[in-house]
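The notes after the display are grouped by topic.

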Amino acid sequence: MKNKAYGLLEELGLEKWIKNLQIMGDEVMLDIVSHSPAMHERKKLENALKTTFSQRMPEAKLKLKISIDAQEKPIEIKGKPIDGVKNIIAVASGKGGVGKSTITANLAVSLQKMGFKVGLLDADIYGPSMPTMFDVEDEKPYSITVDGVNKMGPVENYGIKILSIGFFISGNDQAVVWRGPMASKALKQMIWDAHWGELDFLLIDLPPGTGDIHLSIVQQVPVTGAIIVSTPQTVALADVRKGVAMFNMDSINVPVLGLIENMSYFTPEELPENKYYIFGKDGAKNMAEKFKLPLLGEVPLIQSIREASDVGRPAALQDNTAIADIYEKITQNMVESLVERNENLPPTEAVRITTMAGCSSPRKF
Ligand SMILES: Nc1ncnc2c1ncn2[C@@H]1O[C@H](COP(=O)(O)OP(=O)(O)O)[C@@H](O)[C@H]1O
Ligand SMILES: [Mg+2]
């Protein structure tokens, strides 16, 4: 019986992973090591073993124990699919105009101030705003040869490496309408033909909503985690639900690191104690609780945040200000959430989506 069981395991190519194989009466006690800590991989292994044994050795009762090879527990993206890039964070929002790009720019700056090497990929085909927010509208990516290969060098300002879909628009021709395939091609270039160098973080400013570009990104790069930005307003929150559902889809499965509430309240300078909840109160907080996601922070409506964005110098660059503190705290919370994610979950693999079929049925909450 033992030989037969061993033979089956050999057929499955699992003989190397057997930790213990014992026969007791009609019981086959198998202790096997899974080389992947991923839950779904373990489940797959379990199912394969159960099916094989019930079909080929129906006389035996399989007692299965699957343990994980702890040494192989990875804390970084598997194989570093973008050479040198450690963590890829996608910033998403259900709606446009909620401040997603402003948050992304300020997160980038805060991470940089904390000593991380940061890159920023502006993938918002509907309104690329990083060239403006970083005052590099007139610059263009440069050409660089790396190991004999011609690469695109990101534009740099305030220590952040930036590539934007906006750099691909000649002049200031905002009338360019990106069609899906064109946008995907430009994105592909910014991801694979770029020389990002060593990065701790690559932040991706996604277009608002859930659509082709999002799928294209998760297909092409292993996004470590996503952040969702919303105002506390009901209509914005309704779309957050869709965003969370998209990242949670089985076929996408990108962990959401948390929500950030923007434009939470307004405090007039002459009444510093007053808070006016213009778009509603605690909307994102309640939503975070509902989805059991961390609320990474709340950013009030502040005129100088808008002004700083418009002049191309993100507000978080103003050291020792209340605004910089707010962004810093949010960034710390994000890093904490990320560390937890990297400790508890296997690295994200680039999602291979071959059809759009699964996308109309996101997991229900
Ligand atoms: N906390 C804030 N306080 C004041 N203005 C803000 C704040 N967040 C964003 N804005 C402004 O709101 C507008 C929309 O923000 P933006 O980041 O472009 O949104 P999105 O990327 O979601 O479309 C911009 O003019 C921006 O400067
Ligand atoms: Mg934007």
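Predicted model: local features only at pLDDT ≥ 70, side-chain atom pairs only at ≥ 80, totals over all residues.

Two strands count as paired if DSSP finds at least two bridges between them.

**The open sheet**
- Three strands make up an open sheet of mixed pairing, in the order β1-β2-β3.
- At its edges are β1 (18–24) and β3 (61–68), each of which pairs on one side only.
- From one strand to the next, the twist averages 10°.
- Six bridges link β1 to β2 (residues 27–34), and this pairing is antiparallel.
- Within that pair, Ile 18 has Ile 32 of β2 as its bridge partner.

**Helices across the sheet**
- Helix α1 (residues 2–11) lies across β1 and β2, at about 145° to β1.
- Helix α2 (residues 39–56) lies across β2 and β3, at about 160° to β3.

- β9 (residues 160–164) is mostly covered, with five of its five residues buried.
- In a regular strand, side chains alternate between the two faces of the sheet.
- In β9, Ile 160, Ile 162 and Ser 164 point one way, Lys 161 and Leu 163 point the other way, and all are buried.
- β5 (residues 118–122) pairs with β9 in the parallel sense over five bridges, and Asp 122 stands opposite Ser 164 in β9.
- β8 (residues 155–157) runs antiparallel to β9 and is joined to it by three bridges; Glu 156 has Lys 161 of β9 as its bridge partner.
- β8 and β9 form a hairpin with two residues between them, and Tyr 158 in the turn has a positive phi of about 50°.

Notes
Residues numbered from 1 in each chain as written. Chains lettered and ligands numbered in written order. Helix = DSSP H or I, 4+ residues; strand = E, 2+ residues; numbered from the N terminus. Axes fitted to C-alpha atoms, helices over the stretch in contact; angles between N-to-C directions. Contact = placed C-beta atoms within 7 Å. Buried ≥ 20, exposed ≤ 12 C-beta atoms within 10 Å, placed from the backbone.
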